[in-house]
Amino acid sequence: TAGRGTVKAHGGFNANNDAEVLFKAMKGLGTDEDAILQLLIARSNAQRQEIKAAFKTLHGNDLVDNLKSELGGKFESLIVALMTPPIMYDVTCLRDAIKGAGTDEKGLIEILASRLPNEVNEIKSLYKREHNDDLEKDVTGDTGGNFSRMLVVLLQASRQQGIQEDLIQSDAQALLAAGEQKYGTDEGQFITILGNRSNAHLRRVFEEYRKLSGYEIEESIQRETSGTLQEVLLAVVKCARSVPGYFAESLYNAMKGAGTDDQKLIRIMVSRSEVDMMDIRAEFRKRFATSLHKTIQGDTSGDYRKALLLLCGGDDA
């Protein structure tokens, strides 16, 4: 989906000028947070990397280190995320999910279920280069059972392309036989089919499954599996149906009720800002009785809110 992001490359871009604006915003007493967020969100990630290089050339300082020493809290986390190249950002999030206190299964699921196969391959090689560790080994060392098996399948990044007409019927039947029609569940079938078929193919399988069983595949997964395996299978199904739909729902869940999952909010708003934020907004509006913009507005405050609203890019009446 070319051009479905809210953040675009800036037309009259000059890295040196931008570096100077940021330098001035951080110089002396106090920091001009507004100038920083306005500038950075009006630049693409690739342009931010050029600004970072220009800043070092002009001032001998690392721009991100300077920003970290001037900013704080969630706003700092958001700005640092915006300054990180996309694949590097995924690598950092995965590393934190694995190496942090306890395992952040939700973080692992969100990234591995939603990224394209070529992105997963880039993530694996950058992870290796940065951390001298094998991502798959780290994931399996930190998770177990069928959940681990499903993540390993996703990490193979070898989803088939296109629709295999001759398999639609048999895939739907295999899922039915592995779950609803069986005493106990053959989780392996769910893992193999949901982990290896293309999204377009899976959408046809889900249709066929509903005709055969009378159930949506989500209902069966909820009945037949539990825990983290259920979470990852549902994420894969939602992404097969609609990646922007999956993120719209994740954003809604990050903000609904008491408290906010700021980590998730930052992760999605930053990583989708140049990809499909327009589509996420449309899906959000369709699924929930409000807009993403209004939800962010009611759930956050200060410069953090200002920055998130700019990433959102507008309201949907």
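**Notes on the predicted model**

1. Lysine 128 has a relative accessibility of 42% and therefore counts as partly exposed, since that class lies between the 20% limit for buried and the 50% limit for exposed. The model in which this value was computed is a predicted one.

2. The volume of the largest pocket is about 920 Å³. Its lining comprises 48 residues, and those that lie nearest the centre are Ser114, Arg115, Leu116, Glu119 and Arg272. Sorted by class, the lining of the largest pocket consists of 21 nonpolar, 15 polar and 12 charged residues.

3. The second largest pocket has a volume of about 380 Å³, and 15 residues line it, with Lys106, Glu231, Tyr246, Asn253 and Lys264 nearest its centre. Two or more lining residues come from each of helix H7 (105-114), helix H15 (227-241) and helix H16 (243-255). In the lining of the second largest pocket there are seven charged residues, alongside five nonpolar and three polar ones.

4. Which residues of H16 are buried? They are Val243, Pro244, Gly245, Tyr246, Phe247, Ala248, Ser250, Leu251, Ala254 and Met255. Because 10 of its 13 residues are buried, H16 is largely enclosed by the rest of the structure. Tyr246, one of these buried residues, is also among the residues nearest the centre of the second largest pocket.

5. As for its length, H16 spans 19 Å from the first C-alpha to the last over 13 residues, which is close to the 18 Å expected at 1.5 Å a residue.

6. Turning to the aromatic side chains, the structure contains five aromatic pairs, and one aromatic cluster is formed by Tyr252, Phe284 and Phe288. A further contact involves a charge and a ring: the charged end of arginine 223 is placed over the ring of tyrosine 215, at 4.3 Å from the centre of that ring.

Methods:
Residues are numbered from 1 along each chain as its sequence is written. This is a predicted model: local features need pLDDT of at least 70, side-chain atom pairs count only at pLDDT 80 or more; totals for chains, interfaces and linings use all residues. Side-chain values use heavy atoms; hydrogens and water are left out. Rings of Phe, Tyr and Trp (its six-membered ring) pair if their centres lie within 6.5 Å; planes under 30 degrees apart count as stacked, over 60 as edge-to-face and the rest as tilted. A charge sits over a ring if NZ of Lys or CZ of Arg is within 6 Å of the ring centre and within 35 degrees of the ring normal. On a 1 Å grid over the protein atoms alone, a cavity is a set of points where a 1.4 Å probe fits but cannot get out, and a pocket is an open set with protein on both sides within 12 Å along at least five of seven lines; lining residues have an atom within 4 Å of a point. Grid points are joined across faces, edges and corners, and a volume is the space filled by probe spheres set on the points. Ala, Val, Leu, Ile, Met, Phe, Trp, Tyr, Cys and Pro count as nonpolar, Asp, Glu, Lys and Arg as charged, and the others, Gly among them, as polar. Helices (H or I, at least four residues) and strands (E, at least two) are DSSP runs, numbered from the N terminus. The expected span of a helix is 1.5 Å times one less than its number of residues. Buried means under 20% relative accessible area, exposed over 50%, partly exposed in between (1.4 Å probe, protein chains only).
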